[in-house]
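Me: I would like to go through this protein with you. Here are the sequence and the structure.
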Amino acid sequence: MSVLVFDLDGTLVSSMEDLVATLNVVMTTAGHSAIPQEDIAHMVGMGAKVLIQRGLDYNAIPWTEDDIAPLFSHFLDHYAANIAVRTRPFEGVVAALETFRNEGWKLAVCTNKAERLTLPLLKELDLGKYFDAVVGGDTFAVSKPHAEPVHGAIERAGGQVAGSIMIGDSGTDISAARNAGIPVIAVDFGYTPVPVRDLAPDRVISHFNELAAAVAELSTQRPDATD
Ligand SMILES: O=C(O)COP(=O)(O)O
Ligand SMILES: [Mg+2]
């Protein structure tokens, strides 16, 4: 059984506005300046803790791990209470997930978002029902770009690595897929400081209605083929 392993933020869901709102509540409550959305877009992808650290760096605030803990806890509380104010699946996501399920694919989420945020968000957007496994940034001891959460998602979905494909929006996802030994399709509408095309994913799509063709192309390549 092959698995389609999806990243969440910037891939399945457009979540930037809610992430920006929460980060800026955390920043301003702590007495720091709010950060413009276009700059925060480059800071997402490694989970909320790293987002906060990058936000402090942006404001040139020196920090230690001890400084991060209360800000992270504020972030979790505020974001959990405002997780889907503006966040929505990208256009075509629901139709694509339904098609893949009907075709017999197993589906998994592998995100660096904390599990306690990921599960409620999927539920709130009525997406949870499509996935055989959901892995968050804190589900395993290490997060993407390590291979372990990708392999864990595939295993928990009841699938096997050979034939599985990752779909993501950032260099973190592309590296995670490479480390996990599976091909990767990048969406070009997500959150990344570098254009994903420059990171050499196997395919790039600009809309979810292009995903089925990209998956079909990669699926016809033998999983053990070398190129
Ligand atoms: O919350 C983040 O920073 C990243 O989440 P993602 O792995 O779903 O892109
Ligand atoms: Mg992402």
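Me: Which residue does the UniProt annotation "active site" cover?
Reply: The annotation covers Asp 7, and it comes from an unreviewed UniProt entry. Please keep in mind that the structure is a predicted model.

Me: Where is the place of Asp 7?
Reply: Asp 7 sits in the loop between S1 and strand S2 (13-14).

Me: Is Asp 7 buried or exposed, and why?
Reply: Asp 7 is buried, because 29 other C-beta atoms lie within 10 Å, and a residue counts as buried from 20 or more.

Me: Which residues does Asp 7 touch, not counting residues up to four places away in sequence?
Reply: With those set aside, Asp 7 touches Cys 110, Thr 111, Ile 167, Gly 168, Asp 169 and Asp 173.

Me: Which residues does UniProt list for "binding site"?
Reply: The unreviewed entry lists Asp 7, Asp 9 and Asp 169. They are spread over 163 residues of sequence, yet they cluster in space, with a largest C-alpha distance of 8.1 Å.

Me: Where is Asp 169 found?
Reply: Asp 169 belongs to the loop between S6 and H8.

Me: And is Asp 169 buried or exposed?
Reply: Asp 169 is buried, with 26 other C-beta atoms within 10 Å. Leaving out residues up to four places away in sequence, Asp 169 touches Asp 7, Gly 10, Thr 11, Ala 186, Val 187, Gly 190, Tyr 191, Thr 192 and Val 196.

Me: Let us turn to the sheet. What order do the strands have?
Reply: The open sheet has 6 strands in the order S5-S4-S1-S6-S7-S8, and the pairing is parallel.

Me: Which strands stand at the edges?
Reply: Strand S5 (133-135) and S8 stand there; each has a single partner strand, so one side of each is left without a neighbour in the sheet. Neighbouring strands of this sheet are turned by 20° against each other on average, direction ignored.

Me: How many bridges join strand S1 to S6?
Reply: Strand S1 (residues 3-6) and S6 run parallel and are joined by 3 bridges. Leu 4 has Ile 165 in S6 as its bridge partner, and Val 5 stands opposite Met 166 in S6.

Me: Which way do the side chains of S6 point?
Reply: Ile 165 and Ile 167 point one way from S6, whereas Met 166 and Gly 168 point the other way, and all are buried.

Me: How many bridges are there between S6 and S7?
Reply: Strand S6 (residues 165-168) pairs with S7 in the parallel sense over 3 bridges. Ile 167 stands opposite Ile 185 in S7, and the bridge partner of Gly 168 in S7 is Ala 186.

Me: What does the chain cross through from S6 to S7?
Reply: The chain passes through helix H8 (residues 171-180), and this β-α-β crossover is right-handed.

Me: Are the faces of S7 covered or exposed?
Reply: Both faces of strand S7 (residues 184-187) are covered. Val 184 and Ala 186 lie on one side and Ile 185 and Val 187 on the other, and all are buried.

Me: Which strands does helix H9 lie across?
Reply: Helix H9 (residues 211-220) lies across S1, S6, S7 and S8, and runs at about 170° to S8.

Me: A change of topic: into which domains is the protein divided?
Reply: The division gives domain 1 (3-14 + 87-220) and domain 2 (16-81). Their centres, taken over C-alpha atoms, are separated by 24 Å.

Me: How many residues of each domain are in contact with the other?
Reply: 16 residues of domain 1 are in contact with 12 residues of domain 2.

Me: Finally, where is Asp 39?
Reply: Asp 39 is in helix H2 (residues 37-40). Asp 39 is partly exposed, with 13 other C-beta atoms within 10 Å. Asp 39 and Lys 144 lie 105 residues apart in sequence and 22 Å apart in space, C-alpha to C-alpha.

Key: Residues are numbered from 1 along each chain as its sequence is written. Chains are lettered from A and ligands numbered from 1 in the order in which they are written. This is a predicted model: local features need pLDDT of at least 70, side-chain atom pairs count only at pLDDT 80 or more; totals for chains, interfaces and linings use all residues. A residue is buried if 20 or more other C-beta atoms lie within 10 Å of its own, exposed if 12 or fewer, and partly exposed in between; C-beta atoms are placed from the backbone. Helices (H or I, at least four residues) and strands (E, at least two) are DSSP runs, numbered from the N terminus. Two strands pair if DSSP finds at least two bridges between them. A crossover is right-handed if, with the strands pointing away from the viewer, the path from the first strand over the helix to the second runs clockwise. Axes are lines fitted to C-alpha atoms, for helices over the stretch in contact, and angles run from 0 to 180 degrees between N-to-C directions. Two residues are in contact if their C-beta atoms, placed from the backbone, lie within 7 Å. UniProt positions are given in the numbering used here, feature names are shortened, and annotations may be inferred rather than shown by experiment. Domain bounds come from an automatic or database domain assignment.
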